[in-house]
Amino acid sequence: MSLSSDDIHKIAHLARLAVDEAEIAPLQRDLSNILGLVEQMQAVDTSQVEPMAHPLEMPQRLRPDEVTETNQRERYLRNAPAAENGLFLVPKVIE
Amino acid sequence: MQWEAVIGLEIHTQLATKSKIFSGSSTAFGAEPNTQASLLDLGMPGTLPVLNRRAVEFAVRFAKAIDAQLGRRSVFARKNYFYPDLPKGYQISQFELPIVGPGRVEILLDGGEVKTIGVTRAHLEEDAGKSLHEDFHGMTGIDLNRAGTPLLEIVSEPDMRSAKEAVAYARKIYQIVTWLGICDGNMQEGSFRCDANVSVRPSGEQKLGTRTELKNINSFRFVERAINYEMERQIEVIEDGGRIVQETRLYDADRDETRPMRSKEEANDYRYFPDPDLLPVVLDDDFVEDATRDMPELPDERRARLTSEHGLSAYDASMLTASRAQADYYEETVSVCGDAKLAANWIMGELAAALNKAALEIEQSPVSAAGLGQLLARILDSTISGKIAKQVFEAMWAGEGGADEVIEAKGLKQVTDTSALADWVDEVIAANPEQVANYQAAEPDKRKKMVGFFVGQVMKKSQGKANPQQVNELLRQKLEE
(Lines give C-alpha, C1' and ligand atoms only; values in the text may rest on other atoms or scores of the structure.)
Protein backbone atom coordinates (compact mmCIF):
# COMPACT_ATOMS: atom_id res chain seq x y z
CA MET A 1 0.00 0.00 0.00
CA SER A 2 1.44 3.34 -0.94
CA LEU A 3 0.02 6.76 -0.16
CA SER A 4 -0.10 9.59 -2.68
CA SER A 5 0.97 13.10 -1.82
CA ASP A 6 -2.72 14.06 -1.93
CA ASP A 7 -3.39 11.49 0.80
CA ILE A 8 -0.69 13.10 2.93
CA HIS A 9 -2.18 16.54 2.43
CA LYS A 10 -5.61 15.26 3.34
CA ILE A 11 -4.44 13.43 6.47
CA ALA A 12 -2.51 16.52 7.57
CA HIS A 13 -5.54 18.71 7.01
CA LEU A 14 -7.86 16.39 8.97
CA ALA A 15 -5.40 16.52 11.88
CA ARG A 16 -4.94 20.29 11.39
CA LEU A 17 -1.18 19.84 11.02
CA ALA A 18 0.83 22.33 9.00
CA VAL A 19 3.21 20.28 6.82
CA ASP A 20 5.98 21.81 4.71
CA GLU A 21 6.08 20.74 1.08
CA ALA A 22 9.60 19.43 1.72
CA GLU A 23 8.24 17.04 4.36
CA ILE A 24 5.63 15.49 2.07
CA ALA A 25 7.90 13.02 0.29
CA PRO A 26 9.55 11.60 3.46
CA LEU A 27 6.15 11.40 5.19
CA GLN A 28 4.73 9.63 2.16
CA ARG A 29 7.54 7.05 2.36
CA ASP A 30 7.37 6.57 6.16
CA LEU A 31 3.60 6.27 6.36
CA SER A 32 3.51 3.89 3.40
CA ASN A 33 6.07 1.69 5.15
CA ILE A 34 3.93 1.61 8.31
CA LEU A 35 0.89 0.63 6.27
CA GLY A 36 3.01 -2.06 4.62
CA LEU A 37 3.71 -3.50 8.06
CA VAL A 38 0.00 -3.52 8.86
CA GLU A 39 -0.66 -5.22 5.56
CA GLN A 40 1.71 -8.03 6.53
CA MET A 41 -0.23 -8.54 9.75
CA GLN A 42 -3.48 -8.71 7.79
CA ALA A 43 -2.25 -11.96 6.26
CA VAL A 44 -2.99 -13.65 9.62
CA ASP A 45 -6.42 -15.27 9.84
CA THR A 46 -8.23 -13.45 12.70
CA SER A 47 -11.77 -14.58 11.91
CA GLN A 48 -11.92 -16.51 15.21
CA VAL A 49 -10.43 -13.70 17.30
CA GLU A 50 -12.64 -11.21 19.12
CA PRO A 51 -11.48 -7.67 18.32
CA MET A 52 -9.73 -6.10 21.29
CA ALA A 53 -11.14 -2.73 22.36
CA HIS A 54 -8.70 -2.25 25.22
CA PRO A 55 -5.53 -4.02 26.41
CA LEU A 56 -6.86 -4.22 29.99
CA GLU A 57 -9.03 -7.28 30.55
CA MET A 58 -11.61 -5.59 32.74
CA PRO A 59 -14.96 -3.85 32.34
CA GLN A 60 -15.54 -0.12 32.74
CA ARG A 61 -16.18 1.06 36.31
CA LEU A 62 -19.20 3.32 36.75
CA ARG A 63 -19.62 6.30 39.03
CA PRO A 64 -22.83 7.36 40.81
CA ASP A 65 -24.79 10.20 39.21
CA GLU A 66 -23.75 12.97 41.58
CA VAL A 67 -22.63 16.55 41.05
CA THR A 68 -19.14 16.77 42.55
CA GLU A 69 -17.67 19.70 40.63
CA THR A 70 -17.97 23.30 41.76
CA ASN A 71 -17.78 26.48 39.73
CA GLN A 72 -14.12 27.35 39.02
CA ARG A 73 -14.81 29.51 36.02
CA GLU A 74 -12.62 32.46 36.89
CA ARG A 75 -9.59 30.21 37.41
CA TYR A 76 -10.15 28.33 34.16
CA LEU A 77 -10.79 31.47 32.13
CA ARG A 78 -7.40 32.82 33.23
CA ASN A 79 -5.78 30.05 31.16
CA ALA A 80 -7.44 31.29 28.00
CA PRO A 81 -5.78 33.73 25.61
CA ALA A 82 -9.06 35.64 25.36
CA ALA A 83 -12.25 35.67 27.42
CA GLU A 84 -15.19 37.97 27.93
CA ASN A 85 -18.49 37.86 29.84
CA GLY A 86 -17.62 34.40 31.12
CA LEU A 87 -17.05 33.07 27.60
CA PHE A 88 -13.90 31.72 26.00
CA LEU A 89 -13.19 33.69 22.84
CA VAL A 90 -11.86 31.99 19.72
CA PRO A 91 -11.19 33.20 16.20
CA LYS A 92 -14.51 33.70 14.42
CA VAL A 93 -16.09 30.48 13.26
CA ILE A 94 -17.78 31.08 9.95
CA GLU A 95 -20.80 28.84 9.49
CA MET B 1 -44.60 10.56 -12.22
CA GLN B 2 -45.50 9.35 -8.73
CA TRP B 3 -42.74 9.86 -6.17
CA GLU B 4 -42.13 8.20 -2.87
CA ALA B 5 -39.99 9.49 -0.01
CA VAL B 6 -37.62 7.36 2.03
CA ILE B 7 -36.97 8.89 5.43
CA GLY B 8 -34.85 7.91 8.42
CA LEU B 9 -34.45 9.93 11.60
CA GLU B 10 -31.57 10.42 14.00
CA ILE B 11 -32.87 11.71 17.29
CA HIS B 12 -30.61 13.15 19.99
CA THR B 13 -32.18 12.92 23.42
CA GLN B 14 -30.45 14.54 26.38
CA LEU B 15 -30.61 12.10 29.27
CA ALA B 16 -32.09 13.48 32.49
CA THR B 17 -29.08 12.83 34.72
CA LYS B 18 -27.96 15.29 37.37
CA SER B 19 -24.31 15.15 36.34
CA LYS B 20 -22.52 14.83 33.02
CA ILE B 21 -21.76 11.57 31.29
CA PHE B 22 -18.02 11.58 32.08
CA SER B 23 -17.62 14.24 34.79
CA GLY B 24 -19.25 15.41 38.02
CA SER B 25 -20.38 18.75 36.56
CA SER B 26 -24.04 19.68 36.78
CA THR B 27 -26.21 19.37 33.65
CA ALA B 28 -28.79 21.94 34.83
CA PHE B 29 -30.00 24.17 32.00
CA GLY B 30 -29.64 27.93 31.97
CA ALA B 31 -26.63 28.49 34.25
CA GLU B 32 -24.21 31.35 33.68
CA PRO B 33 -21.78 30.44 30.86
CA ASN B 34 -18.94 28.09 31.76
CA THR B 35 -19.93 27.77 35.42
CA GLN B 36 -20.68 24.07 34.86
CA ALA B 37 -17.57 23.21 32.89
CA SER B 38 -14.92 21.25 34.77
CA LEU B 39 -11.35 20.55 33.71
CA LEU B 40 -12.53 17.35 32.02
CA ASP B 41 -15.31 19.18 30.15
CA LEU B 42 -12.69 21.70 29.00
CA GLY B 43 -10.59 18.88 27.57
CA MET B 44 -7.60 19.62 29.81
CA PRO B 45 -4.67 17.21 29.62
CA GLY B 46 -4.37 14.77 32.50
CA THR B 47 -8.10 14.30 33.03
CA LEU B 48 -9.84 10.97 32.51
CA PRO B 49 -13.51 10.29 31.83
CA VAL B 50 -15.50 8.16 34.32
CA LEU B 51 -18.82 6.87 33.07
CA ASN B 52 -22.08 7.89 34.78
CA ARG B 53 -24.01 4.79 35.93
CA ARG B 54 -27.38 6.46 35.54
CA ALA B 55 -26.78 7.26 31.87
CA VAL B 56 -26.10 3.56 31.28
CA GLU B 57 -29.22 2.56 33.21
CA PHE B 58 -31.33 4.95 31.13
CA ALA B 59 -30.00 3.41 27.91
CA VAL B 60 -30.86 -0.06 29.25
CA ARG B 61 -34.42 1.06 30.01
CA PHE B 62 -34.80 2.45 26.53
CA ALA B 63 -33.56 -0.82 25.04
CA LYS B 64 -36.20 -2.73 26.97
CA ALA B 65 -38.95 -0.28 26.00
CA ILE B 66 -38.33 -0.73 22.27
CA ASP B 67 -37.78 -4.47 22.58
CA ALA B 68 -34.18 -4.06 21.43
CA GLN B 69 -31.24 -6.34 21.58
CA LEU B 70 -29.09 -4.97 24.40
CA GLY B 71 -25.40 -4.43 23.75
CA ARG B 72 -24.08 -6.52 26.63
CA ARG B 73 -20.60 -5.33 25.74
CA SER B 74 -20.42 -1.86 24.25
CA VAL B 75 -17.39 0.21 23.39
CA PHE B 76 -16.80 3.96 23.41
CA ALA B 77 -15.05 5.40 20.38
CA ARG B 78 -13.58 8.74 19.45
CA LYS B 79 -15.27 10.64 16.64
CA ASN B 80 -12.64 13.09 15.44
CA TYR B 81 -13.43 16.55 14.13
CA PHE B 82 -12.38 20.08 14.89
CA TYR B 83 -14.80 22.67 16.13
CA PRO B 84 -14.21 25.14 18.98
CA ASP B 85 -17.18 23.95 21.05
CA LEU B 86 -15.61 20.47 21.13
CA PRO B 87 -12.45 21.16 23.13
CA LYS B 88 -10.85 17.71 22.91
CA GLY B 89 -10.97 17.61 19.12
CA TYR B 90 -13.09 14.45 19.35
CA GLN B 91 -16.50 13.51 20.64
CA ILE B 92 -16.73 10.40 22.79
CA SER B 93 -19.43 8.33 21.14
CA GLN B 94 -20.06 4.68 20.27
CA PHE B 95 -19.48 3.26 16.84
CA GLU B 96 -19.14 -0.44 16.13
CA LEU B 97 -20.58 -1.72 19.39
CA PRO B 98 -23.46 0.51 20.59
CA ILE B 99 -25.26 -0.09 23.88
CA VAL B 100 -28.67 -0.52 22.18
CA GLY B 101 -28.95 -2.80 19.16
CA PRO B 102 -31.86 -3.33 16.75
CA GLY B 103 -35.35 -2.72 18.13
CA ARG B 104 -38.71 -1.46 16.93
CA VAL B 105 -41.63 0.84 17.72
CA GLU B 106 -45.17 0.92 16.41
CA ILE B 107 -46.79 4.05 15.07
CA LEU B 108 -50.47 4.65 14.47
CA LEU B 109 -51.21 5.96 10.96
CA ASP B 110 -54.13 8.22 10.06
CA GLY B 111 -56.37 5.40 8.90
CA GLY B 112 -55.90 3.59 12.23
CA GLU B 113 -53.37 1.24 10.64
CA VAL B 114 -50.34 0.26 12.73
CA LYS B 115 -46.89 0.43 11.15
CA THR B 116 -43.69 -0.92 12.63
CA ILE B 117 -40.61 1.29 12.36
CA GLY B 118 -37.23 -0.30 12.91
CA VAL B 119 -34.71 1.28 15.26
CA THR B 120 -31.26 0.43 13.95
CA ARG B 121 -29.39 1.29 17.12
CA ALA B 122 -29.04 3.80 19.94
CA HIS B 123 -25.73 4.85 21.40
CA LEU B 124 -24.42 6.90 24.29
CA GLU B 125 -22.34 9.97 23.58
CA GLU B 126 -21.46 13.39 24.94
CA ASP B 127 -23.06 16.64 23.81
CA ALA B 128 -20.87 19.51 22.56
CA GLY B 129 -20.76 23.05 23.95
CA LYS B 130 -22.33 26.09 22.36
CA SER B 131 -20.79 28.66 20.04
CA LEU B 132 -22.15 32.18 20.30
CA HIS B 133 -21.66 34.00 17.06
CA GLU B 134 -22.63 37.44 18.31
CA ASP B 135 -19.89 39.91 17.71
CA PHE B 136 -17.14 39.75 20.29
CA HIS B 137 -14.72 42.03 18.42
CA GLY B 138 -14.84 39.68 15.46
CA MET B 139 -14.43 36.60 17.66
CA THR B 140 -16.75 33.73 18.63
CA GLY B 141 -17.78 33.11 22.25
CA ILE B 142 -17.69 29.55 23.62
CA ASP B 143 -19.88 28.27 26.47
CA LEU B 144 -19.01 24.73 27.55
CA ASN B 145 -21.79 24.17 30.10
CA ARG B 146 -23.48 21.76 27.70
CA ALA B 147 -20.27 19.94 26.79
CA GLY B 148 -20.45 16.44 28.24
CA THR B 149 -24.22 16.33 28.78
CA PRO B 150 -25.21 12.69 28.15
CA LEU B 151 -27.02 11.99 24.90
CA LEU B 152 -28.72 8.88 23.66
CA GLU B 153 -28.69 9.09 19.86
CA ILE B 154 -31.50 6.98 18.44
CA VAL B 155 -31.11 6.00 14.80
CA SER B 156 -34.07 4.65 12.84
CA GLU B 157 -34.20 2.45 9.77
CA PRO B 158 -35.25 4.32 6.61
CA ASP B 159 -38.77 2.95 7.13
CA MET B 160 -40.82 6.11 6.84
CA ARG B 161 -42.50 7.05 3.57
CA SER B 162 -43.93 10.49 4.32
CA ALA B 163 -43.34 13.52 6.53
CA LYS B 164 -46.44 12.53 8.51
CA GLU B 165 -44.98 9.10 9.29
CA ALA B 166 -41.71 10.70 10.33
CA VAL B 167 -43.56 12.97 12.75
CA ALA B 168 -45.56 10.03 14.13
CA TYR B 169 -42.30 8.16 14.72
CA ALA B 170 -40.61 11.16 16.35
CA ARG B 171 -43.62 11.63 18.61
CA LYS B 172 -43.53 7.96 19.52
CA ILE B 173 -39.87 8.14 20.55
CA TYR B 174 -40.66 11.34 22.45
CA GLN B 175 -43.52 9.61 24.25
CA ILE B 176 -41.29 6.68 25.22
CA VAL B 177 -38.32 8.68 26.54
CA THR B 178 -40.47 11.11 28.51
CA TRP B 179 -42.71 8.29 29.79
CA LEU B 180 -39.64 6.43 31.04
CA GLY B 181 -38.40 9.66 32.62
CA ILE B 182 -35.02 9.33 30.90
CA CYS B 183 -35.41 12.67 29.04
CA ASP B 184 -37.22 15.81 30.20
CA GLY B 185 -38.50 16.38 26.65
CA ASN B 186 -37.95 20.13 26.73
CA MET B 187 -37.57 20.90 23.05
CA GLN B 188 -36.99 24.65 23.50
CA GLU B 189 -33.97 23.81 25.64
CA GLY B 190 -32.71 21.31 23.08
CA SER B 191 -33.40 18.16 25.10
CA PHE B 192 -34.88 16.41 22.05
CA ARG B 193 -33.42 17.19 18.59
CA CYS B 194 -34.10 15.60 15.22
CA ASP B 195 -31.99 15.17 12.10
CA ALA B 196 -33.72 13.66 9.06
CA ASN B 197 -32.22 11.71 6.16
CA VAL B 198 -34.44 12.23 3.15
CA SER B 199 -34.39 10.83 -0.36
CA VAL B 200 -37.01 10.36 -3.06
CA ARG B 201 -37.52 7.69 -5.72
CA PRO B 202 -40.21 6.85 -8.26
CA SER B 203 -43.00 4.83 -6.61
CA GLY B 204 -42.33 1.13 -6.91
CA GLU B 205 -38.58 1.59 -7.45
CA GLN B 206 -36.45 -0.53 -5.09
CA LYS B 207 -33.18 1.35 -5.43
CA LEU B 208 -32.67 4.23 -3.02
CA GLY B 209 -32.15 7.76 -4.28
CA THR B 210 -29.32 9.99 -3.10
CA ARG B 211 -30.14 11.36 0.32
CA THR B 212 -29.61 14.66 2.03
CA GLU B 213 -29.39 15.15 5.77
CA LEU B 214 -31.52 17.86 7.34
CA LYS B 215 -30.22 19.31 10.58
CA ASN B 216 -31.50 21.80 13.06
CA ILE B 217 -35.11 20.61 13.38
CA ASN B 218 -36.35 21.30 16.88
CA SER B 219 -40.11 20.90 16.80
CA PHE B 220 -42.52 18.29 15.48
CA ARG B 221 -44.16 20.87 13.24
CA PHE B 222 -40.79 21.71 11.69
CA VAL B 223 -39.99 18.02 11.15
CA GLU B 224 -43.03 17.79 8.92
CA ARG B 225 -42.42 21.08 7.15
CA ALA B 226 -38.69 20.55 6.61
CA ILE B 227 -39.21 17.08 5.14
CA ASN B 228 -42.06 18.20 2.88
CA TYR B 229 -39.99 21.12 1.63
CA GLU B 230 -36.98 18.89 0.99
CA MET B 231 -39.05 16.25 -0.84
CA GLU B 232 -40.48 18.87 -3.17
CA ARG B 233 -37.06 20.36 -3.76
CA GLN B 234 -35.54 16.98 -4.63
CA ILE B 235 -38.42 16.03 -6.96
CA GLU B 236 -38.10 19.36 -8.74
CA VAL B 237 -34.34 18.93 -9.20
CA ILE B 238 -34.77 15.42 -10.63
CA GLU B 239 -37.70 16.34 -12.88
CA ASP B 240 -35.63 19.20 -14.27
CA GLY B 241 -32.98 16.66 -15.22
CA GLY B 242 -30.63 17.47 -12.33
CA ARG B 243 -28.94 15.26 -9.75
CA ILE B 244 -29.25 15.29 -5.96
CA VAL B 245 -25.97 16.01 -4.22
CA GLN B 246 -25.38 14.17 -0.97
CA GLU B 247 -25.01 16.97 1.54
CA THR B 248 -26.08 18.34 4.89
CA ARG B 249 -28.73 21.01 4.76
CA LEU B 250 -30.05 23.32 7.44
CA TYR B 251 -33.75 23.92 7.91
CA ASP B 252 -34.58 27.60 8.26
CA ALA B 253 -37.95 27.81 9.99
CA ASP B 254 -38.36 31.53 9.32
CA ARG B 255 -38.12 31.11 5.58
CA ASP B 256 -39.52 27.54 5.55
CA GLU B 257 -36.73 26.21 3.36
CA THR B 258 -33.63 24.06 3.56
CA ARG B 259 -30.25 25.21 2.31
CA PRO B 260 -26.82 23.63 2.15
CA MET B 261 -24.46 24.20 5.06
CA ARG B 262 -21.70 26.44 3.87
CA SER B 263 -18.87 24.66 5.64
CA LYS B 264 -17.16 22.30 3.24
CA GLU B 265 -17.75 18.80 4.44
CA GLU B 266 -14.85 16.44 4.87
CA ALA B 267 -17.12 13.66 3.62
CA ASN B 268 -17.75 12.39 7.16
CA ASP B 269 -14.15 11.35 7.65
CA TYR B 270 -14.39 11.04 11.40
CA ARG B 271 -11.64 8.42 11.77
CA TYR B 272 -13.40 6.57 14.60
CA PHE B 273 -11.27 4.41 16.86
CA PRO B 274 -11.88 2.85 20.30
CA ASP B 275 -11.26 5.39 23.07
CA PRO B 276 -8.30 4.11 25.10
CA ASP B 277 -9.49 6.19 28.10
CA LEU B 278 -12.56 4.03 28.56
CA LEU B 279 -12.90 0.27 29.01
CA PRO B 280 -15.68 -1.74 27.38
CA VAL B 281 -19.00 -1.42 29.22
CA VAL B 282 -20.16 -4.87 30.27
CA LEU B 283 -23.75 -5.34 31.43
CA ASP B 284 -24.52 -8.44 33.46
CA ASP B 285 -27.98 -9.75 34.36
CA ASP B 286 -27.93 -8.08 37.78
CA PHE B 287 -27.27 -4.68 36.26
CA VAL B 288 -30.05 -5.08 33.72
CA GLU B 289 -32.44 -6.33 36.40
CA ASP B 290 -31.61 -3.35 38.66
CA ALA B 291 -31.97 -0.84 35.86
CA THR B 292 -35.35 -2.09 34.67
CA ARG B 293 -37.00 -3.21 37.93
CA ASP B 294 -38.95 0.00 38.50
CA MET B 295 -39.88 0.62 34.90
CA PRO B 296 -43.44 1.88 34.51
CA GLU B 297 -46.03 0.11 32.38
CA LEU B 298 -45.20 1.24 28.84
CA PRO B 299 -47.50 3.45 26.77
CA ASP B 300 -48.52 0.71 24.31
CA GLU B 301 -49.25 -1.75 27.13
CA ARG B 302 -51.23 0.84 28.98
CA ARG B 303 -53.18 1.77 25.87
CA ALA B 304 -54.06 -1.88 25.33
CA ARG B 305 -55.13 -2.22 28.96
CA LEU B 306 -57.33 0.88 28.81
CA THR B 307 -59.01 -0.56 25.73
CA SER B 308 -59.65 -3.96 27.27
CA GLU B 309 -60.30 -2.97 30.90
CA HIS B 310 -62.26 0.22 30.34
CA GLY B 311 -63.78 -0.56 26.95
CA LEU B 312 -62.29 2.58 25.38
CA SER B 313 -61.93 3.01 21.63
CA ALA B 314 -58.43 2.82 20.18
CA TYR B 315 -58.57 6.57 19.53
CA ASP B 316 -59.64 7.48 23.07
CA ALA B 317 -57.07 5.13 24.58
CA SER B 318 -54.24 6.59 22.52
CA MET B 319 -55.28 10.17 23.38
CA LEU B 320 -55.41 9.33 27.07
CA THR B 321 -51.98 7.72 27.01
CA ALA B 322 -50.31 10.62 25.19
CA SER B 323 -48.28 11.12 28.35
CA ARG B 324 -47.88 9.25 31.60
CA ALA B 325 -49.35 12.18 33.55
CA GLN B 326 -52.42 12.12 31.33
CA ALA B 327 -52.89 8.38 31.78
CA ASP B 328 -52.41 8.66 35.56
CA TYR B 329 -54.95 11.48 35.72
CA TYR B 330 -57.45 9.46 33.74
CA GLU B 331 -57.12 6.32 35.83
CA GLU B 332 -57.44 8.24 39.08
CA THR B 333 -60.57 10.00 37.83
CA VAL B 334 -62.10 6.64 36.90
CA SER B 335 -61.22 5.13 40.26
CA VAL B 336 -63.13 7.95 41.99
CA CYS B 337 -66.20 8.21 39.72
CA GLY B 338 -66.37 4.63 38.43
CA ASP B 339 -67.41 5.48 34.85
CA ALA B 340 -64.64 5.00 32.29
CA LYS B 341 -66.41 6.53 29.31
CA LEU B 342 -67.71 9.58 31.17
CA ALA B 343 -64.22 10.25 32.58
CA ALA B 344 -62.69 9.91 29.10
CA ASN B 345 -65.20 12.34 27.58
CA TRP B 346 -64.64 14.94 30.27
CA ILE B 347 -60.86 14.73 30.21
CA MET B 348 -60.65 14.96 26.42
CA GLY B 349 -63.46 17.54 26.29
CA GLU B 350 -63.98 20.02 29.09
CA LEU B 351 -60.64 19.56 30.83
CA ALA B 352 -58.53 19.51 27.65
CA ALA B 353 -60.25 22.69 26.41
CA ALA B 354 -59.67 24.48 29.71
CA LEU B 355 -56.01 23.38 29.87
CA ASN B 356 -55.48 24.42 26.30
CA LYS B 357 -57.01 27.83 26.87
CA ALA B 358 -54.86 28.43 29.94
CA ALA B 359 -51.76 26.91 28.22
CA LEU B 360 -51.31 24.45 31.09
CA GLU B 361 -50.09 20.87 31.18
CA ILE B 362 -52.31 18.30 32.85
CA GLU B 363 -49.86 18.13 35.78
CA GLN B 364 -50.68 21.79 36.46
CA SER B 365 -54.47 21.43 36.27
CA PRO B 366 -56.24 23.48 38.96
CA VAL B 367 -58.86 20.69 39.09
CA SER B 368 -57.27 17.49 40.40
CA ALA B 369 -58.13 14.02 39.14
CA ALA B 370 -59.85 13.25 42.43
CA GLY B 371 -61.76 16.54 42.18
CA LEU B 372 -62.97 15.78 38.68
CA GLY B 373 -63.88 12.24 39.79
CA GLN B 374 -66.06 13.72 42.56
CA LEU B 375 -67.79 15.99 40.10
CA LEU B 376 -68.54 13.14 37.71
CA ALA B 377 -69.82 11.04 40.59
CA ARG B 378 -72.41 13.78 41.21
CA ILE B 379 -73.61 13.45 37.62
CA LEU B 380 -73.82 9.69 38.00
CA ASP B 381 -75.83 9.82 41.22
CA SER B 382 -78.17 12.42 39.65
CA THR B 383 -77.26 15.19 42.07
CA ILE B 384 -76.61 17.41 39.04
CA SER B 385 -77.09 17.19 35.29
CA GLY B 386 -74.22 17.11 32.81
CA LYS B 387 -75.02 20.67 31.86
CA ILE B 388 -74.90 21.98 35.41
CA ALA B 389 -71.70 20.00 35.88
CA LYS B 390 -69.99 22.26 33.37
CA GLN B 391 -70.95 25.23 35.49
CA VAL B 392 -69.61 23.48 38.59
CA PHE B 393 -66.41 22.61 36.73
CA GLU B 394 -65.81 26.26 35.87
CA ALA B 395 -66.23 27.23 39.51
CA MET B 396 -63.84 24.45 40.59
CA TRP B 397 -61.34 25.64 37.97
CA ALA B 398 -61.61 29.16 39.41
CA GLY B 399 -60.72 27.78 42.84
CA GLU B 400 -64.17 28.08 44.43
CA GLY B 401 -63.89 24.67 46.08
CA GLY B 402 -64.66 21.01 45.46
CA ALA B 403 -67.71 19.73 43.56
CA ASP B 404 -69.94 19.28 46.62
CA GLU B 405 -69.02 22.67 48.05
CA VAL B 406 -69.80 24.45 44.78
CA ILE B 407 -73.10 22.60 44.30
CA GLU B 408 -74.13 23.48 47.84
CA ALA B 409 -72.97 27.10 47.75
CA LYS B 410 -74.64 27.85 44.43
CA GLY B 411 -77.78 25.80 45.09
CA LEU B 412 -77.30 23.72 41.97
CA LYS B 413 -78.64 20.45 43.31
CA GLN B 414 -80.89 18.81 40.77
CA VAL B 415 -84.61 18.78 41.47
CA THR B 416 -85.87 15.20 41.52
CA ASP B 417 -88.94 15.83 43.64
CA THR B 418 -91.78 14.65 41.35
CA SER B 419 -94.37 17.12 42.59
CA ALA B 420 -92.10 20.11 41.91
CA LEU B 421 -91.30 18.76 38.48
CA ALA B 422 -94.99 18.08 37.77
CA ASP B 423 -95.84 21.72 38.47
CA TRP B 424 -93.31 22.92 35.91
CA VAL B 425 -94.53 20.36 33.40
CA ASP B 426 -98.14 21.48 33.83
CA GLU B 427 -97.17 25.11 33.44
CA VAL B 428 -95.30 24.41 30.21
CA ILE B 429 -98.15 22.38 28.75
CA ALA B 430 -100.64 25.10 29.63
CA ALA B 431 -98.49 27.79 28.05
CA ASN B 432 -98.03 26.01 24.70
CA PRO B 433 -101.41 24.75 23.47
CA GLU B 434 -100.38 24.88 19.81
CA GLN B 435 -97.32 22.65 20.28
CA VAL B 436 -99.39 20.28 22.40
CA ALA B 437 -101.95 19.97 19.61
CA ASN B 438 -99.20 19.34 17.06
CA TYR B 439 -97.66 16.72 19.28
CA GLN B 440 -100.89 14.88 19.78
CA ALA B 441 -101.64 14.92 16.04
CA ALA B 442 -98.20 13.52 15.16
CA GLU B 443 -97.31 9.91 14.41
CA PRO B 444 -96.04 8.12 17.55
CA ASP B 445 -92.53 7.66 16.09
CA LYS B 446 -92.18 11.41 15.53
CA ARG B 447 -93.27 12.27 19.04
CA LYS B 448 -90.05 11.15 20.59
CA LYS B 449 -88.28 14.02 18.85
CA MET B 450 -91.02 16.52 19.47
CA VAL B 451 -90.93 16.06 23.21
CA GLY B 452 -87.53 17.75 23.19
CA PHE B 453 -89.15 21.15 22.87
CA PHE B 454 -91.13 20.66 26.08
CA VAL B 455 -88.14 19.25 27.96
CA GLY B 456 -86.18 22.35 26.95
CA GLN B 457 -88.93 24.65 28.28
CA VAL B 458 -89.07 22.82 31.61
CA MET B 459 -85.28 22.88 31.96
CA LYS B 460 -85.36 26.61 31.32
CA LYS B 461 -87.98 27.10 33.99
CA SER B 462 -85.94 25.11 36.46
CA GLN B 463 -82.74 26.99 35.53
CA GLY B 464 -81.21 23.71 34.49
CA LYS B 465 -81.83 21.99 37.79
CA ALA B 466 -84.62 19.63 36.78
CA ASN B 467 -83.65 16.03 36.17
CA PRO B 468 -84.05 15.71 32.38
CA GLN B 469 -84.90 11.99 32.37
CA GLN B 470 -87.66 12.48 34.90
CA VAL B 471 -88.99 15.51 33.05
CA ASN B 472 -89.02 13.50 29.85
CA GLU B 473 -91.03 10.70 31.42
CA LEU B 474 -93.49 13.04 33.10
CA LEU B 475 -94.07 14.98 29.89
CA ARG B 476 -94.71 11.86 27.86
CA GLN B 477 -97.20 10.64 30.42
CA LYS B 478 -99.06 13.94 30.54
CA LEU B 479 -99.01 14.56 26.80
CA GLU B 480 -100.27 11.09 26.01
CA GLU B 481 -103.21 11.47 28.41
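User: Hi! How many residues of domain 2 of chain B are in contact with domain 3 of chain B?

Analyst: Four residues of domain 2 of chain B are in contact with four residues of domain 3 of chain B. Two residues are in contact if their C-beta atoms, placed from the backbone, lie within 7 Å.

User: What sort of residues are on the domain 2 side that touches domain 3 of chain B?

Analyst: On that side of domain 2 of chain B there are one nonpolar, two polar and one charged residue. Here Ala, Val, Leu, Ile, Met, Phe, Trp, Tyr, Cys and Pro count as nonpolar, Asp, Glu, Lys and Arg as charged, and the others, Gly among them, as polar.

User: Before we go on, what am I looking at?

Analyst: This is a predicted model, where local features need pLDDT of at least 70 and side-chain atom pairs count only at pLDDT 80 or more, while totals for chains, interfaces and linings use all residues. Residues are numbered from 1 along each chain as its sequence is written, and chains are lettered from A and ligands numbered from 1 in the order in which they are written.

User: Thanks! Where do the domains of chain B lie?

Analyst: Domain 1 covers 3-288, domain 2 covers 299-410 and domain 3 covers 418-480 of chain B. Those bounds come from an automatic or database domain assignment. Taken over C-alpha atoms, the centres of domain 2 and domain 3 of chain B are 32 Å apart.

User: New topic: how many residues of chain A are in contact with chain B?

Analyst: 31 residues of chain A are in contact with 43 residues of chain B. Strand 3 of chain A gives the largest share of the chain A side, five residues. That side divides into 17 nonpolar, five polar and nine charged residues.

User: How are strands picked out, and when do two of them pair?

Analyst: Helices (H or I, at least four residues) and strands (E, at least two) are DSSP runs, numbered from the N terminus. Two strands pair if DSSP finds at least two bridges between them.

User: Which strand of chain B does strand 3 of chain A pair with?

Analyst: Strand 3 of chain A pairs with strand 9 (residues 139-143) of chain B, antiparallel, over four bridges. In strand 9 of chain B, B:M139 stands opposite A:P91. Both strands belong to an open sheet of four strands in the order 2(A)-3(A)-9(B)-8(B). Strand 2 (83-84) of chain A and strand 8 (130-136) of chain B each have a single partner strand, so one side of each has no neighbour in the sheet.

User: What about strand 1 of chain A, parallel or antiparallel?

Analyst: Strand 1 of chain A runs parallel to strand 2 (residues 51-52) of chain B, joined by two bridges. There, A:R63 has B:N52 as its bridge partner.
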